[in-house]
Amino acid sequence: MTRRGGEAAVIRGLRLVAYTALPAEVVLAVCLVAGVRIPGAVLAAAELVVVALLAAEGLVLLRLRRRGLSVREAVAELVPEPVLRLVGHELRLMTSLVRWVARRPHGVGGAVGVFPHARDQAALFYGFAFVCLVESAGMSYLLADWPVVHAVVLVLDVYTVLFVLGLHAASVTRPHVLTDDALRLRQAAHVDVRVPLDLIASVRRESLFSHEKTDGELNLAVGSQTSLTIELTEPVDAPRLLGAPRPVRVVRVHADDPKALADALTRARTAPSPSPGRPPRA
């Protein structure tokens, strides 16, 4: 077995242990919160496995770094892509809350046009957040006699409120962006698709409120509505949340001002290419 093959086998083994040990750790935590008596030997063994797993992954990470990989590349070798994508999604949501408060949109530098698309969902998300707050208050009252359970539920409730607000904040701070050569279409923190302008075959304003799942189509609805349909000459990849590829040739999106987006796309697609520079002298 080669050295690289040995490292790959070690990484696969660590992933297998992680898939087993981490869910077991969650189950033990739930049992402790629920008041279930767990033998001390079982708890000690579980914690020992977790510590050993972290230590082994730290050593493998150092070896990968010595091999010349960047921190991002080394972590990608150790952690499965779906896990990295889920963690990245949660981090983008929390970062979007900060950007929302600071009024600093993401990815608009050098843009020819910026097109918000979150206005029609604001009332819905504020309503969800209010319901979560009411539920949190009710659970706090009902669980007042169980302080440990109350603390756990309170943390989950607070995170749920932040998650709901983060979804809206991500939509507000990540508008659709038009550049000189591409249209960047986004939805919350989980969709970010770059569509080259030279692949756009047609653009039409079209208000739709029902969208069936169809292969080759991407529907970025806001409040169950899309207002613009974009057809492409060739498919572009719009990866799913966990990284699975999704080639699409039809994209339906929503914008607060669909006419402005459609007009900007029409102008960008029909704009004359820049005149070539004067040839150099011989």
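S96 is buried, with a relative accessible area of 1%. Buried means under 20% relative accessible area, exposed means over 50%, and partly exposed lies in between (1.4 Å probe, protein chains only). The residue sits in helix α4, residues 81-102. Leaving aside residues up to four places away in sequence, S96 touches G166, A169, A170, T173 and R174. A contact here means heavy atoms within 4.5 Å.

This is a predicted model, where local features need pLDDT of at least 70, side-chain atom pairs count only at pLDDT 80 or more, and totals for chains, interfaces and linings use all residues. Residues are numbered from 1 along each chain as its sequence is written, and side-chain values use heavy atoms, with hydrogens and water left out.

**The whole chain**

The protein chain has seven helices and eight strands. The radius of gyration of the chain is 25 Å, well over the 19 Å that the globule rule gives for 282 residues, so the chain is more spread out than a compact globule. That radius is taken over C-alpha atoms, and the rule is 2.2 Å times the number of residues to the power 0.38. Helices (H or I, at least four residues) and strands (E, at least two) are DSSP runs, numbered from the N terminus.

Along its principal axes, the C-alpha trace spans about 80 × 60 × 35 Å. Of the 282 residues, 31% count as buried. Among contacts with a separation of 6 or more, 65% come from residues 24 or more positions apart.

The chain exposes about 17500 Å², and carbon and sulfur atoms supply 64% of that area. Accessible areas come from the Shrake-Rupley method with a 1.4 Å probe; for residues, only the protein chains shown count as cover.

Charge comes next. There are 32 positive and 26 negative side chains, and the centres of the two sets lie 8 Å apart. Lys and Arg count as positive, Asp and Glu as negative; His and the chain ends are not counted. Each charge is placed at NZ of Lys, CZ of Arg, CG of Asp or CD of Glu.

Strand β3 covers residues 182-187 and is mostly covered, with five of its six residues buried. It pairs with β2 (residues 176-178) in the antiparallel sense over two bridges. Two strands pair if DSSP finds at least two bridges between them. β2 and β3 form a hairpin with three residues between them. Here V177 has R184 of β3 as its bridge partner.

β3 also pairs with β4 (residues 191-196), again antiparallel, over six bridges. R184 stands opposite R194 in β4. L185 stands opposite V193 in that strand. In a regular strand the side chains alternate between the two faces of the sheet.

Most residues other than glycine have a negative phi.

A188 belongs to the hairpin of β3 and β4, which has three residues between the strands.
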